[in-house]
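Please go through the sequence and the model below side by side.

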Amino acid sequence: MFEDIVSFIQDLYGHKKFIGLHEPIFVGNERKYVVDAIDSTFVSSVGAYVDSFEKHFADYVGAKKAIVTGNGTSALHAGLHLLGVQRDDEVLTQALTFVATANAIAYCQAQPIFLDSDRETLGMSPESLEQFLSENAAVEDGLCRNKKTGRIIRACVPMHVFGHPVKIERIVAICEKYQIAVLEDAAESMGSLWHGTHTGLFGKVGVFSFNGNKIITAGGGGMIVTHDEPLGKRAKHLTTTAKIPHPWEFEHDEMGFNYRMPNLNAALILAQLEKLDDFIANKRETAKRYQEFFNTKGIEFFTEPDGARSNYWLNAIFFKNQTERDRFLETTNKNGVMTRPAWKLMPQLAMYKDCQKTDLSISTDIVQRLVNIPSSVRVS
Ligand SMILES: *Cc1c(COP(=O)(O)O)cnc(C)c1O
């Protein structure tokens, strides 16, 4: 069973060796820029590639400010800190996400609240958000308070799952009504648009990741974007130890973070960014091939929501039930075709099991039936 799918994927990638879920490729200026960074001796936390990548990235996504960081998780942590998330606050997010989203909230000593997913996007359900807030929240003096716990609901972190944009405009509108700041976890959605605007730019802050498995990689890296210039300046200050510029004095005006991306990594990712449009075209073509194939098999292939242009970071298919899904995971992984189930829902993890959550029936159903299949850029 499923041998036909294994063969299809091997044909698609043109070989019968191991096929990973998402492997990086370096076919542009990566070597040239990295060698140049080494020759310049600026391999560490400052350098021309850091400045250049921030500028090119901001231009690419259309943000006023872009601030690079050492990884996506540190960008999330710094981003929440910038929005004023602090001890005993509450932060809304979705149950179906990578653990880093919830961890970043916990780093701020805040409490995550887990919402259900939307079937059309896999990400945060605006209905689930609206329902939780109408049942639990009251706005007073410009702050949103959870009537049951007495705590302030300071922020909301929707995540664009597998690169597919969530219904971000509705989420932002609901949060505005309740005076809640929005931070978009766009770690997976570099290059994905919602009605023509880049994901990450709808909320007050957006965050990206350039980990090795993402659509473009710095080896490791992250980014904070914002339209708010003073906030962007503060983001740079905060993530670079909050040092006051001075020819020799070490003056730091707040507890900053060392969340910088080394120039060496910035050189690598600058070359990757130059290839991003090619990568997206290639991946969208792969998604089309998958869609046509799985249609003939009667297996549901997940396609971009209406109004979205997705980067199709990780392709996903749905089985009828968990038993069938598990059989597929077994066959493919045994045959050198890497496939993975979705993450466990956050409240299923020991450290988040006692957190507040809404009804999670849609995310539970997604997790039981979804499988990610190989999605790397295909090289001929
Ligand atoms: C990859 C990822 C992150 C974390 O990024 P790192 O660069 O690995 O720290 C955060 N959130 C989501 C949803 C991710 O997929």
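Helix α11 (residues 361–369) lies across β12, β14 and β17, and runs at about 50° to β17, where axes are lines fitted to C-alpha atoms, for helices over the stretch in contact, and angles run from 0 to 180 degrees between N-to-C directions. Contact here means heavy atoms within 4.5 Å, while helices (H or I, at least four residues) and strands (E, at least two) are DSSP runs numbered from the N terminus. This is a predicted model, in which local features need pLDDT of at least 70 and side-chain atom pairs count only at pLDDT 80 or more, whereas totals for chains, interfaces and linings use all residues. Residues are numbered from 1 along each chain as its sequence is written, and side-chain values use heavy atoms, with hydrogens and water left out.

The strands under discussion belong to an open sheet of four strands in the order β12-β14-β17-β15, with antiparallel pairing, two strands being paired if DSSP finds at least two bridges between them. Its edge strands are β12 and β15 (340–341), each of which pairs on one side only. Between β15 and strand β17 (residues 370–373) there are two bridges in the antiparallel sense, and Arg340 has Asn372 as its bridge partner in β17. Helix α10 lies across β14 (315–318), β15 and β17, at about 20° to β17.

An α-helix has 3.6 residues a turn, so residues three or four places apart point the same way. After α1 comes Gly14, whose phi is positive, near 75°.

Elsewhere, strand β10 (residues 205–209) has five of its five residues buried, so this strand is largely enclosed by the rest of the structure. In a regular strand the side chains alternate between the two faces of the sheet. In β10, Val205, Val207 and Ser209 point one way and Gly206 and Phe208 the other way. Strand β7 (residues 181–185) runs parallel to β10 and is joined to it by three bridges, with Leu183 having Val205 as its bridge partner. Strand β11 (residues 222–226) runs antiparallel to β10 and is joined to it by four bridges, with Ser209 opposite Gly222.

Which charged side chains meet across the chain? A salt bridge is a side-chain nitrogen of Lys or Arg within 4 Å of a carboxyl oxygen of Asp or Glu, and by this rule the count comes to 18 salt bridges. In one of them the side chains of Lys297 and Asp4 meet at 2.8 Å, N to O. Lys297 lies in helix α9 and Asp4 in helix α1, so the pair ties together parts that are 293 residues apart in sequence. Lys297 is partly exposed at a relative accessible area of 37%, and Asp4 is also partly exposed, at 34%.

Another salt bridge joins Glu90 and Arg151 (3.2 Å, N to O). Glu90 lies in strand β2 (residues 90–94) and Arg151 in the loop between β5 (143–146) and β6 (153–157), so this pair ties together parts 61 residues apart in sequence. Glu90 is buried at 0% relative accessibility, whereas Arg151 is partly exposed at 28%.

Key: Buried means under 20% relative accessible area, exposed over 50%, partly exposed in between (1.4 Å probe, protein chains only).
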